[in-house]
Number of protein chains: 2
Amino acid sequence: MNYKKIDGGVTAPLGFVAGAAYAGIKNPDKISEKPDVAVLFSETPCAAAACFTKNKFCAAPVILGREVLKKGKARGIVINSGNANAATGEQGLKDAKAVEEAAERLLGLGEDEVFVCSTGVIGKRLPYERVIKGVEAIVPHMSRDKGGDAAWAIMTTDTEKKEVAYELPISGGTVRIGAMAKGSGMIHPNMATMLAYVTTDAKADPKDLQAMLSRAVDRSFNMTTVDGDTSTNDSIFLLANGASGVEIRTEEDKKALADLVEAICIDMARRIASDGEGATHLIEVEAYGLPTEHDARLVAKSIAGSSLFKAAVFGRDANWGRIMAAAGYSGADVDPTRADCFLKSAGGEIQVMAGGFGLEFDEDLAKKILSEHDITVIVKFYQGDGQAKAWGCDLTYDYVKINGDYRT
Amino acid sequence: MNYKKIDGGVTAPLGFVAGAAYAGIKNPDKISEKPDVAVLFSETPCAAAACFTKNKFCAAPVILGREVLKKGKARGIVINSGNANAATGEQGLKDAKAVEEAAERLLGLGEDEVFVCSTGVIGKRLPYERVIKGVEAIVPHMSRDKGGDAAWAIMTTDTEKKEVAYELPISGGTVRIGAMAKGSGMIHPNMATMLAYVTTDAKADPKDLQAMLSRAVDRSFNMTTVDGDTSTNDSIFLLANGASGVEIRTEEDKKALADLVEAICIDMARRIASDGEGATHLIEVEAYGLPTEHDARLVAKSIAGSSLFKAAVFGRDANWGRIMAAAGYSGADVDPTRADCFLKSAGGEIQVMAGGFGLEFDEDLAKKILSEHDITVIVKFYQGDGQAKAWGCDLTYDYVKINGDYRT
């Protein structure tokens, strides 16, 4: 694959504009510099694909989003942070619908052309009039250079903006792909996305887009965990507006776009894990040699999600026994007598287990490896070709602090 | 059921003796008052039942224990803390067998009459000679009043001894049942026992004992979670030596014993959760009205295991949205539009959700409720008769501290 990183995020592709405003969604009395309402808009109709949380207590915007998605096309997305509009019953659905309809009117669109997304506190009624006032303030001033403001507006406990964009040459010319995401807590496989948005100015079929997105999500966000809690609001969207005039035609084009969408999703998923609530380390887990890919996914996710191992990484303790314990309870078909385990980072690499048996190793080197921000755990079995990667972060005092008093 | 609490633990039933010694298992250079090797011994042969971890990386003593269990009888158990003898390969099996054989010799028993158990650090070779020296020191001085010493010896990060005993009148007379347990971290459903031992001087059939124990474990230890990590060493044993001369004969007898074994297991499981690593609250979750018991178990366990809700309880934050989010991702068939949620403790009771919709509630009362050590979460659905209880604890700074530097 041949592609080039460019500046910006969701508005780097042609024909997309964005804007953001502060509307006091969480607390109307608070003055804040950080915006909490964002609008993403395409000047021309988009083919649309999306994946949503599998949590049965899904939020109102997710229920609405599934409806809008049925048409396979959309023009805009309104996103608010500060309130998840989840566990808000029928009223929540009405409130989300009111935001959607107001946005469609303000953007001069027809019915079911706008997705709405919410993230923040669960169980409080959405101040929908404030969201609409935010959209009113944003619409007249949307532009291509405000993608970054939108990426800022959707953040909650995130400590950094997550956006990226690339140019991709395909058979008919060059297309651009951009993305933004948020998500820091309540992150766990089964559509562990939080909110993510991928845009492209390629012209593409919504069915192809959906296939690409589903595959990419499976290998990225669904392999990411911060705390084992699957959110009520997880949503990811892929919008293609065709503004480049370049069409996804050949199988090679599809594969190139699909691979880049997957790479972008993995990048976003890694950044979400790395920015996990309170995290001081990104943990990447690579599992090899399992009987099937499914087994490998179970092993990798289980290790990335082990509270004990996560706490050990925080303490820079090479407690590999917890890695193998997590592999053992993952539900995968693992043979404990033929397992190797390695720890790796920019600080070095060390083997800590061979054939299911612990090795004597240099504790100083292990500490050095675990002192880096990005840590890789490699587990190798010798039972087949199944392999997978998963991402997580360490468990820290600050995770407890952030979540011990988030609502109040 | 009609039964009475009595003093003591595993040696409260007639014919059981115990002892404990310090053998420097974790660190031979350290002087310690707390014993780390325990022996539990029955003066007459016992019918035996046991359940073991489902972790595929199970420890050597678990592999050995499954063998010994095949005979359905036993005389003694040797337990060491400080080293789990897990991920120690073939050598670990040999070391565990060496302990078993030495104990059988020292206790004057035949082959396969002693269970061995280990708990502590994973992946380090068991100093089996030290364990044997401990057994040598213990055997000449075992007595009925040393059950408490054994309960102390098996502790690792536990902050308190866990033992209990009861008298139970059945058709033929009175029998006694005692128990001890340890376990504080690496605790999660799927045989989330850590180590637990239940003794009785009733005379009973091993098959009946196994049925009782399996049912009790399913409703107690398997519904307990501290950190989501299923240990490599979880084991629970039920030994019946018949020393009371009273036989479990009638169906009523069986039911009475089974119910008391279940109550004891629930008590031990609650105490393990309450003494979870770093815990400042016991969280009991009651789920009602689910389509099936299986659904109810999924819901209760999911809520008890939610890192986000656990952190909220630590912060005394009535963040019920996280409760319902955990119910929603539990995998159970839940109808979010018909769910009620209550928080309860010695401090009071408050309803926080009705019909899937958040209620305005008195935040001061909620804080008061969450200030108590024992918190109950009640979720009610209206879809059927399935109900279940689960136990967990809050997630605290100290959990991170304890596990950030346990091995070194």
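The model is predicted, so local features need pLDDT of at least 70 and side-chain atom pairs count only at pLDDT 80 or more, while totals for chains, interfaces and linings use all residues. Residues are numbered from 1 along each chain as its sequence is written, and chains are lettered from A and ligands numbered from 1 in the order in which they are written.

Let's start inside. The largest nonpolar core has 300 residues; such a core is a set of buried Ala, Val, Leu, Ile, Met, Phe, Trp, Tyr and Cys residues joined through C-beta atoms within 7 Å. A residue is buried if 20 or more other C-beta atoms lie within 10 Å of its own, exposed if 12 or fewer, and partly exposed in between, with C-beta atoms placed from the backbone. Val261(A), Val299(A), Val261(B) and Val299(B) have the most contacts inside this core. Contact requires C-beta atoms, placed from the backbone, to lie within 7 Å. Setting aside residues up to four places away in sequence, Val299(B) touches several residues, including Ala287(B), Leu290(B), Ala327(B) and Val379(B).

Val299(B) also takes us to a helix pair, where it joins Ser302(B) and Ile303(B) of H7(B) in meeting Ile323(B), Ala326(B) and Ala327(B) of H9(B). The contact residues comprise five nonpolar, one polar and no charged; here Ala, Val, Leu, Ile, Met, Phe, Trp, Tyr, Cys and Pro count as nonpolar, Asp, Glu, Lys and Arg as charged, and the others, Gly among them, as polar. Helices (H or I, at least four residues) and strands (E, at least two) are DSSP runs, numbered from the N terminus. The axes of H7 (residues 293–305) and H9 (residues 320–328) of chain B come within 8 Å and cross at roughly 135°. These axes are lines fitted to C-alpha atoms, for helices over the stretch in contact, and angles run from 0 to 180 degrees between N-to-C directions. H7(B) and H9(B) are therefore oblique to each other, since angles under 35 degrees count as roughly parallel, over 145 as roughly antiparallel, 65 to 115 as roughly perpendicular and the rest as oblique.

A second pair in chain B is H1 (residues 60–69) and H2 (residues 89–106), packed at an angle of about 55° with their axes 8 Å apart. H1(B) and H2(B) are oblique too. Among the residues that meet are Ile63(B) and Leu64(B) in H1(B) and Leu93(B) and Lys97(B) in H2(B). This contact divides into six nonpolar, one polar and three charged residues.

Now to where the chains meet: 55 residues come from chain A and 55 residues from chain B. H9(A) gives the most to the chain A side, with seven residues. That side divides into 24 nonpolar, 24 polar and seven charged residues.

Finally, some single residues. Arg316(A), in the loop between H8 and H9 of chain A, has a positive phi of about 55° although it is not a glycine. Arg316(A) counts as buried because it has 20 C-beta neighbours inside 10 Å. Ala87(B), also not a glycine, has a positive phi of about 55° and counts as buried, with 27 C-beta neighbours inside 10 Å. Pro169(B) lies in strand S6 (residues 162–170) of chain B and counts as partly exposed, with 13 such neighbours inside 10 Å.

Definitions and conventions: Two residues are in contact if their C-beta atoms, placed from the backbone, lie within 7 Å.
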